[in-house]
Amino acid sequence: MKFRSLFGSVICGLPLVVCAVPDETGQVALTSQLQPLASQALVLDIKHAGDTLVAVGERGHILRLLATGNWQQVLTPSRNLLTRVTFVDANNGWAVGHDATILHSRDAGVTWQLQYRSETLARPLMDVYFRDAQQGLAIGAYGLLLRTQDGGKHWQREFHDELLNEDDKQYLQQLKTDDPQVYQQEADSILPHFNRLLPLPDGRLLLVGEMGLVAVSDDLGAHWQRLQFPYEGSLFAAKEYNGQVYVGGLRGNLFVSDLSLQSWQSIALPQVATINGITQVAEQLWVTGNSGVIIRLDAGNRAQLVRQLKGENLLTLAADPTGRIWLAGTKGLQPITLE
């Protein structure tokens, strides 16, 4: 497979536990292991779930922030790396990861059930978005896009050739006529990796990914329009803030546009590092990335290096209900003060 590069804390004392829980079809699946150092292992995402935070990471780890300020690992029906988590309301959440794994929670991340997994696909899902408790999309490597219209009870795979360049479109069309078997093989891997979904204030959905992919949809991803973009490398992060859209990726490439998405301007960063996350915290915009960089953008999109944590890569950050800021990255979860 040709996957491209994707990129101490407070610990709740938990013994090593292995057990089994039923998925949403009633079948029993082997769970992740509860491990006392889970909050120090790789964590890729943190999201708000009601009045707490939920984090996901390696080996199927999911952790919830307790009122005490400790992180508690919960059982999950997967040992696959989890890459992204989202909550559409205070209770309903989904986490996605490798082997096209999709997990669902109905209780703010306390318990999780397996909704979908495909070892035959053998590729990671990189993001998940739900418009409401029923309609959702999950995206990942080689143009993988899964859709549900019933809250994840059923997921259907879609192929969007409108996201190909013209040469690849013509190549596939010719193969479809000349060699249907080879066509199917090529169609399964010809699309670029899909890395991030971003809902926009007007209801449109932005998609960013590999090879400078930036596309927009006004019908929840049923159809996409690929946009002109000034960079041809991989893009991993996207954020809308105050009527501006920010997109970032490899080698510190960060761009901003208004909501027309027609004119992208480069933002110079004080440290060149791959951008993994763009997050709003405390009415400010923060950029996190490899080499431990934490960069603040001011109202004029001027960038300031606020902190650099040596020997680790940072994926994202989030503020808990008390205002404490938590970092997620290769060294797990850790609180941090930003000034």
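Q: Which residues do ring pairs link into a cluster?
A: The model is predicted: local features need pLDDT of at least 70, side-chain atom pairs count only at pLDDT 80 or more, and totals for chains, interfaces and linings use all residues. Residues are numbered from 1 along each chain as its sequence is written, and side-chain values use heavy atoms, with hydrogens and water left out. Rings of Phe, Tyr and Trp (its six-membered ring) pair if their centres lie within 6.5 Å; planes under 30 degrees apart count as stacked, over 60 as edge-to-face and the rest as tilted. Ring pairs of this kind form a cluster of Phe229, Tyr231, Phe255 and Trp264.

Q: How many residues apart are Phe87 and Trp112, which form an aromatic pair?
A: The two rings are edge-to-face, at 6.2 Å centre to centre and 75° between the planes. Both Phe87 and Trp112 are buried (under 20% relative accessible area, where exposed is over 50% and partly exposed in between, with a 1.4 Å probe and protein chains only). Helices (H or I, at least four residues) and strands (E, at least two) are DSSP runs, numbered from the N terminus. Phe87 belongs to strand β7 and Trp112 to the loop between β9 (101-105) and β10 (113-116), a separation of 25 residues.

Q: Is the pair of Trp94 and Phe130 stacked or edge-to-face?
A: Trp94 lies in strand β8 and Phe130 in strand β11, so the pair ties together parts 36 residues apart in sequence. Both residues are buried. The ring centres are 3.5 Å apart and the planes stand at 10°, so the pair is stacked.

Q: Which element gives the largest share of the lining of the largest pocket?
A: A pocket is an open set of points on a 1 Å grid over the protein atoms alone, where a 1.4 Å probe fits, with protein on both sides within 12 Å along at least five of seven lines; lining residues have an atom within 4 Å of a point. The largest pocket has 29 lining residues, and Lys47, Arg84, Ala238, Lys239 and Ile278 lie nearest its centre. Elements giving two or more residues to this lining include β3 (43-49), β7 (82-87) and β27 (314-319). The largest share, six residues, comes from β23.

Q: How much space lies in the second largest pocket?
A: Its lining consists of 14 residues, with Asn165, Met211, Gly212, Arg226 and Leu227 nearest the centre. The volume is the space filled by probe spheres set on the grid points, which are joined across faces, edges and corners. For the second largest pocket, this space is about 330 Å³.

Q: Is Met211 buried or partly exposed?
A: Met211 is in the loop between β16 and β17 (214-217). Its phi is near 55°, a positive value in a residue other than glycine. Because its relative accessibility is 44%, Met211 counts as partly exposed.

Q: How many residues does the largest nonpolar core have?
A: A nonpolar core is a set of buried Ala, Val, Leu, Ile, Met, Phe, Trp, Tyr and Cys residues joined through side-chain atoms within 4.5 Å. Among the residues with the most contacts inside the largest core are Leu163, Phe194 and Leu205. Elements including β12 (136-140), α1 (166-178) and α2 (180-187) each supply at least two residues of this core. In total, the largest nonpolar core has 20 residues.
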